[in-house]
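Take a first walk through this protein with the sequence and the model side by side. The tour goes one place at a time.

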Amino acid sequence: VVDRAEFAEKCRKMHANARDWRATSRYERSSTNGIHFERTRLQLVSDIGRTSAVVVSTLTEVWVVVQGGLVADGTVKDILYGFPVGLNKLDDLSALHAEMARYGGTVRILLDHLDLEKFLEEYERAQELPKKWSVFIKMNGGLKRAGIIPEPVSFKAFTRRAFASSAISVFGFYTHAGYSYGSTSLEEATSQLTGEVRLAHDAAAMAIEVLAESDNREVSNQPFVLSVGSTPTALSVTAEAKLKMTSTLNGTLEVSKLHREGIWRNYTILDLQQLHIILIGRPQISLKL
């Protein structure tokens, strides 16, 4: 049984946190949250704020959103497929891209290897109407499970190739602090959040340097989006955390050139894992048996 009032209050709080941080939000639409459309609407729209961006883990979840009418009615306008794309997913994602375009929506994907950029170019050359894919470059935050390592020489070479591609448009930089689930205190989770922002910020700074030296500098005339967040780090999004992060970054977070986006995951339900690492109290758990 999900406590609707507690669920809705967590949604309001996350909207308030995003507002206070002057950031937009992207909410995870996953099996954790079920397929209940009311829950998705509560996540996206409250009396505090609203967003139309989601991230999904499977194509099944994507099509549940679309077929449930959340794209047609404008509730969802921006869908990020949250795993680096395999070749066997391109036809399905292209169909999704076309469906989203009918309603003025966008599909974004993750890029963490140049082979994918090459495959996308080959795939689009075979299409009657080639398109450009909007991509987040996925950064390796230390788990080495996926993502690009932010080593300046190799990373700049990677972004140089990405900016020159005929098949992709770099929308921003994406991190997920999977290691934050090992946090044992709010202070530690806040430190992980700072690390996420720093990683995405440094990646964008290097990309801006590449663009400044490139003949393709006009390919990105919008601020890059820095997409960060996990459940523990989302729970540490406070005014105090913002002050600490700004101090740690020595004021180098260039909000005039960069745009921050938070990805909030299991914050609506919460569970014993978050209770164990002392980020919540037992009454904040929405799900009860």
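Does Leu-42 count as buried or exposed? At 17% relative accessibility, Leu-42 counts as buried. Buried means under 20% relative accessible area, exposed means over 50%, and partly exposed is in between, with a 1.4 Å probe and protein chains only. Leu-42 sits in helix α2. Leaving out residues up to four places away in sequence, Leu-42 touches Arg-4, Phe-7, Ala-8, Cys-11 and His-15. Contact here means heavy atoms within 4.5 Å. Glu-9 is 33 residues from Leu-42 in sequence, yet their C-alpha atoms are 9.3 Å apart in space.

A word on the source. This is a predicted model, in which local features need pLDDT of at least 70 and side-chain atom pairs count only at pLDDT 80 or more, while totals for chains, interfaces and linings use all residues. Residues are numbered from 1 along each chain as its sequence is written, and side-chain values use heavy atoms, with hydrogens and water left out.

Now the whole protein. It has 10 helices and eight strands. Helices (H or I, at least four residues) and strands (E, at least two) are DSSP runs, numbered from the N terminus. Of the 289 residues, 51% count as buried. Among contacts with a separation of 6 or more, 79% are between residues 24 or more positions apart.

Move on to Thr-51. Thr-51 is in the loop between α2 (37-44) and β2 (53-56). Its relative accessible area is 11%, so Thr-51 is buried. A polar atom of its side chain lies 3.3 Å from the backbone nitrogen of Ala-53. Not counting residues up to four places away in sequence, Thr-51 touches Ser-25, Tyr-27, Leu-44 and Thr-75.

Next comes Asp-78. This residue belongs to strand β3 (residues 78-84). Asp-78 is buried, with a relative accessible area of 10%. Which side chain does a polar contact of 2.8 Å join to that of Asp-78? The partner is Arg-26. A polar contact is a pair of N or O atoms within 3.5 Å; within protein, one must be able to donate a hydrogen and the other to accept it, and residues adjacent in sequence count only if both atoms are side-chain atoms. Setting aside neighbours within four places in sequence, the contacts of Asp-78 include Ser-52, Ala-53, Val-54, Met-100, Thr-106 and Arg-108.

Turn to helix α5 (residues 114-125). Its 12 residues reach 17 Å from first C-alpha to last, close to the 16 Å expected at 1.5 Å a residue. The expected span is 1.5 Å times one less than the number of residues. Which residues of α5 are buried? They are Leu-116, Glu-117, Leu-120, Glu-121, Tyr-123 and Glu-124. These residues cover an arc of only 165 degrees around the axis, so they lie on the same side of α5. The arc is that of the directions from the helix axis to the C-beta atoms. An α-helix has 3.6 residues a turn, so residues three or four places apart point the same way. What covers the buried residues of α5 includes α4 (90-102), β4 (106-111), β5 (133-138), α6 (152-164) and β6 (168-174).

Now look at the rings. The whole structure holds five aromatic pairs. Rings of Phe, Tyr and Trp (its six-membered ring) pair if their centres lie within 6.5 Å; planes under 30 degrees apart count as stacked, over 60 as edge-to-face and the rest as tilted. Phe-136 and Phe-171 form an edge-to-face pair, 5.3 Å centre to centre with 85 degrees between the planes. Phe-136 lies in strand β5 and Phe-171 in strand β6, so this pair ties together parts that are 35 residues apart in sequence. Phe-136 is buried, with a relative accessible area of 0%, whereas Phe-171 is partly exposed at 23%. Phe-136 also forms a tilted pair with Tyr-174, 6.2 Å centre to centre and 55 degrees between the planes. Tyr-174 is in strand β6, so this pair ties together parts that are 38 residues apart in sequence. Tyr-174 is buried, with a relative accessible area of 3%.
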